[in-house]
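Subject: Structure for your files

Hello,

Here is the structure we spoke about, with the sequence. My notes on what turned up in it follow below.

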Amino acid sequence: MTILAIVVGGGIGATLRYLLGLGLAPATPPHFPWVTFVINMVGAFALGAVMTLLAAHRLPGPWGKPFLSTGLIGGFTTWSHFIVESDQLIGALRSGIGIAYLVVSIVGGVLAAALGARLAELRVGHPAGRGA
Amino acid sequence: MWVGIGVFLAGGLGALSRAGVDALVKPWWSRRATGPSKAFPASTFLINVSGAFVLGIVTGYAVKNVAGGAQDFASIVGVGFLGAYTTFSTEEWHSLGLLRKNAAVEAFNVLGSLGASLVLAALGLWIGSLL
């Protein structure tokens, strides 16, 4: 069941990301990769909330972690495209945009995760454990 | 449509592969690491750096070979498998936890992950362009 939850969650997450990429804009340099950026921010926010709710036992653990965290959100967000897009921007002599993309993604991702965790904490009424 | 189904299946496999590497590397690292390095998320680091390298190869190949087959391959293997295998959200979640517990390990984690991924993905882009 755990394996199935990871596979289905990861499949849905990757397909959503694929459809957003098809529908919105081609992620070709030299433009700022908005699609990947928004996907990663939304996912970091959602993971902060889900991990906090899981720690507080407000989500069903047996499928909550494999389906939502490892599968859906882990499969939706992507590190590899974030990195390759940054390399392509830098390689296309758009280093300014590339470096801005790196910094804004890393700082924004931590802030988004913190915001998701904080909102979930308010929802459950007490600070939850924060084991990574 | 068929590419979309391929992305779904490859994404499921990518997420499962990440869980598999986690299951192997996490216990190994907690046995081997000592002191502050125990807090370093070695498994996510390995997953993200290796995935960025292979996506570099796939992307370099797809940029050079604009035929439909190469683009479908890049969608299924790149967007599907490697996109789901690597994870941005977990990396940021580890960073948030480390910022509160051990800022030195977090500095190493974020700079090491970015540096190794950027260099290896650039190498991958070059290798892929030769294929």
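A:His57 is exposed, with a relative accessible area of 70%. The residue sits in the loop between α2 and α3 of chain A. For background, most residues other than glycine have a negative phi. Please keep in mind throughout that this is a predicted model.

The two chains

Chain A has five helices and zero strands, and its pattern along the sequence reads α-α-α-α-α. Chain B likewise has five helices and zero strands, in the pattern α-α-α-α-α. Of the 132 residues in chain A, 50% are buried; of the 131 residues in chain B, buried residues make up 50%. Among contacts in chain A with a separation of 6 or more, 72% are between residues 24 or more positions apart. The corresponding share for chain B is 75%. The C-alpha atoms of chain B fill a box of roughly 50 × 30 × 25 Å along the principal axes.

Where the chains meet

The size of an interface is often given as the accessible area lost when the parts come together. Between chain A and chain B the buried area is about 3,600 Å², and carbon and sulfur atoms give 74% of that area. Chain A puts 46 residues into the contact and chain B puts in 45 residues. The rule finds 12 residue pairs in polar contact across this interface, counting pairs with both residues at pLDDT 80 or more, and it finds zero salt bridges there.

On the side of chain A that touches chain B, the elements giving two or more residues are α1 (2-23), α2 (34-55), α3 (61-76), α4 (79-91) and α5 (95-124). The most comes from α1(A), with 11 residues. By type, the residues on this side of chain A divide into 23 nonpolar, 20 polar and three charged.

What does A:Val110 touch, leaving out residues up to four places away in sequence? The list is B:Glu92, B:Ser95, B:Leu96 and B:Leu99. A:Val110 is in helix α5 of chain A and counts as buried because its relative accessibility is 12%, with the cut-off for buried at under 20%. A:Val110 and A:Ile99 lie 11 residues apart in sequence, and their C-alpha atoms are 17 Å apart in space.

A:Ser86 belongs to helix α4 of chain A. With a relative accessibility of 0%, A:Ser86 is buried. Leaving out residues up to four places away in sequence, A:Ser86 touches A:Gly98, A:Tyr101 and A:Leu102 in chain A, and B:Leu118 in chain B.

The bend in α3(A)

Helix α3(A) bends by about 30 degrees at A:Leu68. A:Leu68 is also one of the buried residues of this helix. The others listed as buried in α3(A) include A:Gly64, A:Pro66, A:Ser69, A:Thr70 and A:Gly71. Further along α3(A), A:Ile73, A:Gly74, A:Gly75 and A:Phe76 are buried as well.

The salt bridge

How many salt bridges does a search of the whole structure find over all chains? The search finds one. The pair is A:Arg118 and A:Glu121, whose side chains meet with N to O at 2.8 Å. In general, side chains of opposite charge can pair when their charged atoms come close. A:Arg118 and A:Glu121 are three residues apart in helix α5 of chain A, so about one helical turn separates them. An α-helix has 3.6 residues a turn, so residues three or four places apart point the same way. Is each partner buried or exposed, or in between? A:Arg118 is partly exposed, at 43% relative accessibility, whereas A:Glu121 is buried, at 6%.

Regards

Conventions
Residues numbered from 1 in each chain as written. Chains lettered and ligands numbered in written order. Heavy atoms only, no water. Contact = heavy atoms within 4.5 Å. Buried area = accessible area lost by both parts, 1.4 Å probe. Salt bridge = Lys/Arg side-chain N within 4 Å of Asp/Glu carboxyl O. Polar contact = N/O pair within 3.5 Å; in protein donor to acceptor, adjacent residues only side chain to side chain. Helix = DSSP H or I, 4+ residues; strand = E, 2+ residues; numbered from the N terminus. Nonpolar A, V, L, I, M, F, W, Y, C, P; charged D, E, K, R; others polar. Buried < 20%, exposed > 50% of the residue type's maximum accessible area, 1.4 Å probe, protein only. Bend = angle between axes of the 7 residues up to and from the residue.
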